[in-house]
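Please walk through this structure with me. We start with the overall fold, move to the pairing of the chains, and end with backbone details.

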There are 2 protein chains.
Amino acid sequence: MNATGWRALVTGGLGFIGSNLARRLSEAGADVTVVDSCVAGCGANPYNLSGVPVRVLRHDIGQPQNFRDTIENADVIFNLAGEVSHLDSMLRPERDLELNAATQLRFLDACTRWRRGVRIVYASTRQVYGVPQYLPVDERHPINPVDFNGVHKYAATQYHQMLTRTGDLDAIVLRLTNVFGPRMSLLAKNQGFLGVFTRKVLLGETLKVFGDGSQLRDPLYIDDCVEAFVKAAEIPKGTDRTFNIGAPEHLDLGQIAVAVSRIAGVPEPGCIPFPPDLKAIDIGSYFTDYRLFANATGWRPRVTFEDGFRRTVDFFRRNREHYLPVCS
Amino acid sequence: MNATGWRALVTGGLGFIGSNLARRLSEAGADVTVVDSCVAGCGANPYNLSGVPVRVLRHDIGQPQNFRDTIENADVIFNLAGEVSHLDSMLRPERDLELNAATQLRFLDACTRWRRGVRIVYASTRQVYGVPQYLPVDERHPINPVDFNGVHKYAATQYHQMLTRTGDLDAIVLRLTNVFGPRMSLLAKNQGFLGVFTRKVLLGETLKVFGDGSQLRDPLYIDDCVEAFVKAAEIPKGTDRTFNIGAPEHLDLGQIAVAVSRIAGVPEPGCIPFPPDLKAIDIGSYFTDYRLFANATGWRPRVTFEDGFRRTVDFFRRNREHYLPVCS
């Protein structure tokens, strides 16, 4: 990786993936500006970039005039701003439309005017595929989102793709599987089971798995995810544009709960019935065919789930007061 | 067709397709309520339903509380409200997002609460497929919209499909090719070439075809389109949900211009270079594989282009003052 001298803009850069990416870019010598609106519930945590030499601007990307010079000067834009909760999108679909589609529309429109043709790496999600029709899921899998979050993330994906076809942008779309690691949000109830599992074991609680726990996942450690974003920024023009990003280990939720409990030193997990509101938007088993991206870039996930989760627990134990309420 | 006694709600019912559908349903004995916000440029024309015994409510479907009882009492909802201009969507993408996605989101949310499980037939567009990768285009063709209108119509399509999977609605999606006939908008510059062609020949002008005029289309006459909506309302639950609707004649734009000019009695058309803003969102040739719908419903287009366009010119000559400015 050679990001020395890059002028990089990271939207949503106080969140989990954004902040880890900003740190990595900064360590590699990039000139990093983070824009984050700190919308409640979207995962921003100022501590994530504490002590890191990056500019942090508290702006809504839907009001790009507030950071026009940053857009004009960017060599590359890593676009990670958005709402990530699937369940919240079903309860407040208009909020999700605003945060994931309308603000992206305004931001991208500004990019086409002030920095036409700029390379953008957009963080999309496996959720756009919905319930897998086959496994592993490759990029040709039909789009069938099971919730408003998936619909709106896909609309934003199409903004990037369409504006790239017209030559107004030069976007790469990464559809991410479950990502975990240091700096992920532990407080949000509805942002993925790995944050919930981690919070519970840090609090010494016994985990409960919904249903029979047989749904497969391929959790990706954050450092490998960040590396994918950096490699995506360097993909030559004119090749494939949309890539699935996942990990080689396929673990079921029961196995994951057992491993997490063992690593954290809490009792073995139990099972409970699937809550109906979550069952309605559950996608069953999912794991990723990420060969297209691996072949295009040489990227490979390197951290095992076991190793990654040890590092995760270690990080949160050392930084607990910044991620869990003091009263816990 | 046996729509006797149906309580039908038609959104966008003062527009081209909506008004023809409302007339047909009313003639068949249905109890029809039309909701139309008459947004400028979206094609509403009160004359379209002049003298027809249907209720017309001037409401925005994004404010469904204004016609809650109509939703609660509907046996079937024909959902045709929306902005149809592709070019305008590129100039004012946020307006298109509001009209095609946000208002649909509010309307469908109300339908799920006040009339859960109701049959909805949604008017989508071939534009979601973008530049065809193969011809004829079937329902498995990848989604690659070339403009914001296509992105947002597809988001609204996904709302319908997703809420049907969750059991909250019972939606059928029709992806329409170019539709033409009586009551289409002639004034809008950016709502399809057939309205533009018709306006020009009514004014005695010589047609001009962009480029070499070799792009194929399968124009569908309005009566056949309306019949497809009625048949879609009767499709049993649990079958396919999304259907392409087109016509069997594949004519290139040059052939269409020649036929239109001959029927209307104006001089032979000429060619001009493709305007750049339209070229950027042009999709090349398109024609439809509509066998899935034909097999599911027995529907067949019955009116030839020649016959349909004769009826169209005849209608507009008899009703010219309601569709063309007096000053023309």
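How many helices and strands make up the secondary structure of chain A? The model is predicted. In it, chain A comes to 11 helices and 13 strands. The radius of gyration of chain A is 19 Å, close to the 20 Å that the globule rule gives for 328 residues, so chain A is as compact as a globular protein of that length. Along the principal axes, its C-alpha trace spans about 55 × 45 × 40 Å.

Now look at the packing. Of the 328 residues of chain A, 61% count as buried. Take the contacts in chain A with a separation of 6 or more: residues 24 or more positions apart account for 80% of them.

Chain A exposes about 12500 Å². Carbon and sulfur atoms supply 49% of that area. As for charge, chain A carries 37 positive and 36 negative side chains. The centres of these two sets lie 2 Å apart.

Next comes the pairing. What rotation superposes chain A on chain B? The rotation is 180°, with 0.0 Å of shift along its axis and an RMSD of 0.0 Å. The two copies are thus related as by a two-fold rotation axis. Which residue of chain A comes closest to that axis? It is A:A155, with its C-alpha at 3.1 Å.

Now pick out one helix. Is helix α6 of chain A, residues 193-202, mostly covered or mostly open? This helix is mostly covered, with nine of its 10 residues buried. Among the buried residues are A:F193, A:L194, A:V196 and A:F197. A:R199 is on the buried list too, as are A:T198 and A:G195. Further along, A:V201 and A:L202 are also buried. An α-helix has 3.6 residues a turn, so residues three or four places apart point the same way.

What covers the buried residues of α6(A)? The cover includes three strands of chain A: β7 (179-180), β8 (208-210) and β9 (216-217). It also includes the helices α8 (253-264) and α11 (305-318) of chain A. Just after α6(A), A:G204 takes a positive phi of about 80°.

Finally, the backbone. Most residues other than glycine have a negative phi, and most peptide bonds are trans. Some places in this model depart from that. The peptide bond from A:L135 to A:P136 is cis, with omega near -10°. A:P136 sits in the loop between β5 (119-125) and α5 (148-165) of chain A. In chain B, the bond from B:L135 to B:P136 is likewise cis, with omega near -10°. B:P136 is placed in the loop between β5 (119-125) and α5 (148-165) of chain B.

Two residues of chain B call for a look at phi. B:C38 is not a glycine, yet its phi is positive, about 55°. B:C38 is found in the loop between β2 (31-35) and β3 (55-57) of chain B. With a relative accessible area of 26%, B:C38 is partly exposed. B:R183 is not a glycine either, and its phi is positive at about 80°. Its loop runs between β7 (179-180) and α6 (193-202) of chain B. Is B:R183 buried or exposed? At 14% relative accessibility, B:R183 counts as buried.

Note on methods. Residues numbered from 1 in each chain as written. Chains lettered and ligands numbered in written order. Predicted model: local features only at pLDDT ≥ 70, side-chain atom pairs only at ≥ 80, totals over all residues. Heavy atoms only, no water. Helix = DSSP H or I, 4+ residues; strand = E, 2+ residues; numbered from the N terminus. Rg over C-alpha atoms; globule rule 2.2 N^0.38 Å. Buried < 20%, exposed > 50% of the residue type's maximum accessible area, 1.4 Å probe, protein only. Contact = heavy atoms within 4.5 Å. Areas by Shrake-Rupley, 256 points an atom, 1.4 Å probe, with all protein chains shown as cover. Lys, Arg positive; Asp, Glu negative; His and termini not counted. Charge placed at Lys NZ, Arg CZ, Asp CG, Glu CD. Least-squares fit on C-alpha atoms with pLDDT ≥ 70 in both.
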